[in-house]
Structures are given as C-alpha cells and as structure tokens.
Amino acid sequence: MTSGVQEAEAAPAEALDVAVVGAGPAGLAAAGEAAAAGCSVLLVDAGTQFGGQYWRHAAPEAGDTDPGRWHHSWSIYQRLAQRARDSVDTGRIRHLASTHVVSVRREQAGGDGAEGFLLQASLLPEAQKPGSYQAPQLLQARALILCPGTYDRQLPVPGWTLPGVMAAGGVQAFIKTQGVAPGRRVVLAGTGPFLLSAAASVIHAGAEVAAICESNSLAGWFPGGAAAALVPSKAAEGAEYVALLAKHRVPYYRSTAVTAIHGDGAVRSVTVSALDASGTPVPGSAREVNDVDVVGLGWGFVPQPELLLQLGAQTTLGEEGSLVGVADADQRSSIPGLYLAGEITGVAGAAAAVAEGRIAGRAASSSVGQAVRAGVADVRDRATRAAHRRFASVMHKAHPVPEGWTQWLEDETLICRCEEVPWETARAAAEELSAEEPRGLKGSTRIGMGWCQGRMCGFAAQCLSKKAHLREGEASSGREAEHSAALSAAKRPLAVPMRLGDLAEEPELTQE
C-alpha cells in the first residue's frame, strides 16, 4: 500500500435481507416498503442525497431555500425521503451515498445456504477524504431490487460537440443544481414531452426559450388519447406547460429538427429543418435561428442495464426502443431473488416508478420470509402502474426517433465523441467492411471504446446494427434485430469505470 493511503475497515455482521440499487423514486419506495416489513435493507446510490435524477437537489453553494419549485410531486418525495431517513435512524436501512455498484453476481448469502447476491460497491472519487483511499467493498444480500434509472439518449448532429450543446436532461439538471439557467437563450430539440418540462425549467430560471423543435407530428397521440385521459395528473401537467409556453410566446415547431449547430468556439445559431413522414429533412425547408447560446437535445431516455445483464436476466426491447428488463406482476425478474422497478422495466415516469418500487419492496420482503399484507395500498399501486404504463405506451408510439436522422449528418460529424470517430468512418465500416453490429464497429472504428463506454454513441451504433443481425440469422424481424443490437451494445463487464488498482485487488467482504 502506498504511504499515506489508508484502507477502509470492514464491519463484521450478517448478510442483509434486501439490497436496493438506486435512491430515486423507485428505489426510495422499495427501500421504505422493505424496511417497514421488518427487513434489514442496504440502499446504495451514487447521489449524495435521496431523490435520484428526478428529484435532484441543488448544490450547497447554490443556496436554494425552495428546492420544491423545480420539481413535480415534491410532496411525494418528502414523504418517501422522511420514511427512509427514519429507517436509517433506527438502523433498519443502511444508506451508502456517493457509491456506485460496479458489479453484482449470485452467490450464497448468509449462513442458511440460500443463494443471494454479492455486490461490489465503490465510493466515488470526489467523496474520498483527502489523503486517504477507501477500496471497493463487497456486500451481501439475500434479495436484490434494481432501480438504476436512466440517462439521456442522444443522436449526433453537425456541431453537437460545441460548448453550449447539452442533453435536454442536462439543461434541467443544471437548473436544479445551480438555480440558474445554463444560458441566456435556449433551443430545445428532439422528441417527447420532456422537452416541455425542460422548457418550463428554463423559463422559471429567468432565461428565454427561443424555440422547441419536436421531430414528430403528434398525430400518434390521437389513437391512444383515451389511455392518456385515464391519467389526470399527466393531463394537468401538460396543460400547465402549454399555458406557460403560450404566456411566454415560445415557438413550438412540430415535424421539425435541429439539423446543424453553428458557432466559433461556442453555440451561436442553429439550423432547423422540417421533416417528412420518415424523419428525413425536407429539401428547401432549412432556416436559421440566431442568437442562441445553449442547445438542449433530447431523444428520450435509456435505462441503465449493466447490472441486469451481469446477472443474465431476461431482457426485451422496450417500446421506447431501449433494452429493458422483463418483470412479472410482482416485479420479479427471470432470476430468483432479483426484482426490477422503475425505468429499468421501461420508461414510464416517476409515478409508475414509485408504484413499482412499492410492489417490488413488498415482494422482496416476502421472498426473505417477512410477512407482508397486501391490502388497499397494493391494489392502488397496481392500478397506478397499469394506468401510467398505458400512458407511456401511447407516448412512446407518438414520439419515436425519426428513421431518417442519418440524413442530416455530414461526413465529418462525430458519431463517437470519446474516440472522435466521424460519420464517414462509421458508414464506411458498416457498408464496406460489413461491420454494422456494435462489436464489429467497435473493433474496426473504436466506436464505444471511450470513457462513456458507448452511452453517448450506443443508440447510433444500435441503429447501424439492425441489418447485421437480420443478415446473420440472429433475428427474424426488425424488432428482434433491434433487441439483438441493443443487447450487444449494452454488455459491459463493469457498470462504471474503475481504477486499475481496484481491479488488481480483490475487495474484502463487508457484511452487515
């Protein structure tokens, strides 16, 4: 051990009943239910506070005295967080903040010989004390609930590497943590209702929304309008956004995309183009939106499947086009003892995530021998889950990623930002080297080999992979081809990057 570096001490105890990964809406609800049932609970989260990405907190230096103003359902968060804090105080929940779960595997947990889970957890570098080092630790649990959340899905566009270009979720996260907008005049583009939420945050932060560019026509909402009407909270939220945008006279363009971003060292303007039914830019429709210093791009969200895949659980292609875990009515996965809640089963919003977390918490508690009474709360949670899942299904069908998005790329447009791989190279590898599938693209072009491990470029690589999986007989349909491609792109031996020194040393078992 290097001089001045100290190893963390292991605390001896028995394996915990239930481990929950993620302290967002689903994870908070799951941990609270399991603790209430009498389980010993481990709650691991990368954040410093409860809430996850959805209920993200302001940085201490922002001095925000009213965090609820940036959030919907803040009262629900307060109830869930207080319940979790009470359980932490009584010792029922052990909360590991600022901590990543790097890997997980099935293994005997506890002294009864029952099979459980072994989690390798690593404290984030910024949370380490100066002059000291806490090595990764191994933690045991008899049941595991995965609530890992999502990250923004991105599509490349000329100029998207300029300073001032952010994910739409990044724009909102910046406002929540800093209390100010990231720029003076913002353009939001992509698809989905989240663009409206991000626009509302920009306006509340005192900045101007120059335009919202929705790539779809919204005609897809009409066949499923009844499902949307069954979720009054969503209708009220949408009406609130529409009223706010109308008040501030925000231009809202349908069947339109930002097809180029311009600037010399920073964003200065964007080109917006009308899209035809296939999502291809209409010739002659391009026009400039000037005096822009921030562009927020959002094409939906991608569930984080790394831990799910490490355990070999069954997956499918969600309606949003991302890889999701398969769960039954009690949120059980195909792996005994493993439960899934929230966006890992498909993006459906915070209300559905809370309901699924509660269901998973109760089911996991039962699986480790704690008696749980279903009651009215369980009926309510299942009804909430069903209604919000129906709404999400309509939403995803109304807001698909446009098929023709590659038509706005230029030869020099970077597909993989980490490894600086341009579209010209990726296209040539796919067409001339038959390297359409993610592994082939990675080997021939280094797409997906950088710091983000394909999280930024993964969807683009997935889109290039469909033909390969169909041709090689790995799929009999376009949907199956997309699933095979998404599965190939998402497999990573580690859920997050690690220090080489951590990989070289087997962490000690820390039991609770």
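Colleague: In which order do the three strands of the antiparallel open sheet stand?

Modeller: Some conventions come first: this is a predicted model, in which local features need pLDDT of at least 70 and side-chain atom pairs count only at pLDDT 80 or more, whereas totals for chains, interfaces and linings use all residues. Residues are numbered from 1 along each chain as its sequence is written, and side-chain values use heavy atoms, with hydrogens and water left out. Strands (E, at least two residues) and helices (H or I, at least four residues) are DSSP runs numbered from the N terminus, and two strands pair if DSSP finds at least two bridges between them. Here the order is β12-β13-β14, with antiparallel pairing. β12 and β14 (287-290) are the edge strands; each has a single partner strand, so one side of each lacks a neighbour in the sheet. On average, neighbouring strands of this sheet are turned by 30° against each other, direction ignored; axes are lines fitted to C-alpha atoms, for helices over the stretch in contact, and angles run from 0 to 180 degrees between N-to-C directions.

Colleague: Over how many bridges do β12 and β13 pair?

Modeller: β12 and β13 (residues 269-274) are joined by six bridges in the antiparallel sense. Within this pairing, V272 of β13 is the bridge partner of V258.

Colleague: What is the strand order of the open sheet with parallel pairing?

Modeller: Its five strands follow the order β8-β15-β9-β10-β11. The edges are β8 (165-167) and β11 (252-253), each with a single partner strand, so one side of each is left without a neighbour in the sheet. Strand β15 (residues 294-298) pairs with β9 in the parallel sense over five bridges, and with β8, also in the parallel sense, over three bridges.

Colleague: Are the faces of β15 covered or open?

Modeller: In a regular strand the side chains alternate between the two faces of the sheet. A residue is buried under 20% relative accessible area, exposed over 50% and partly exposed in between (1.4 Å probe, protein chains only). In β15, V294, G296 and G298 on one side and V295 and L297 on the other are all buried, and both faces are covered. For the whole protein, 53% of the 512 residues count as buried.

Colleague: Why does A481 count as buried?

Modeller: A481 has 0% relative accessibility and therefore counts as buried. This residue is found in helix α13. Its C-alpha atom is separated by 9.8 Å from that of C463, 18 residues apart along the chain.

Colleague: How many cavities of 30 Å³ or more does a search of the whole structure find?

Modeller: On a 1 Å grid over the protein atoms alone, a cavity is a set of points where a 1.4 Å probe fits but cannot get out, and lining residues have an atom within 4 Å of a point. Grid points are joined across faces, edges and corners, and a volume is the space filled by probe spheres set on the points. The search finds two such cavities. The largest has a volume of about 210 Å³; of its 19 lining residues, Y151, V302, G458, F459 and Q462 are the closest to its centre. At least two lining residues come from each of β16 (301-303), α12 (458-471) and α13 (478-490).

Colleague: What lines the second largest cavity, and how do those residues divide by class?

Modeller: This cavity holds about 50 Å³ of space. Its lining includes L155, P156, A189, V258, L297 and W408, and β9 (185-190) and β12 (256-262) each supply at least two lining residues. Ala, Val, Leu, Ile, Met, Phe, Trp, Tyr, Cys and Pro count as nonpolar, Asp, Glu, Lys and Arg as charged, and the others, Gly among them, as polar. The lining divides into nine nonpolar, one polar and no charged residues.

Note on methods
On a 1 Å grid over the protein atoms alone, a cavity is a set of points where a 1.4 Å probe fits but cannot get out, and a pocket is an open set with protein on both sides within 12 Å along at least five of seven lines; lining residues have an atom within 4 Å of a point.
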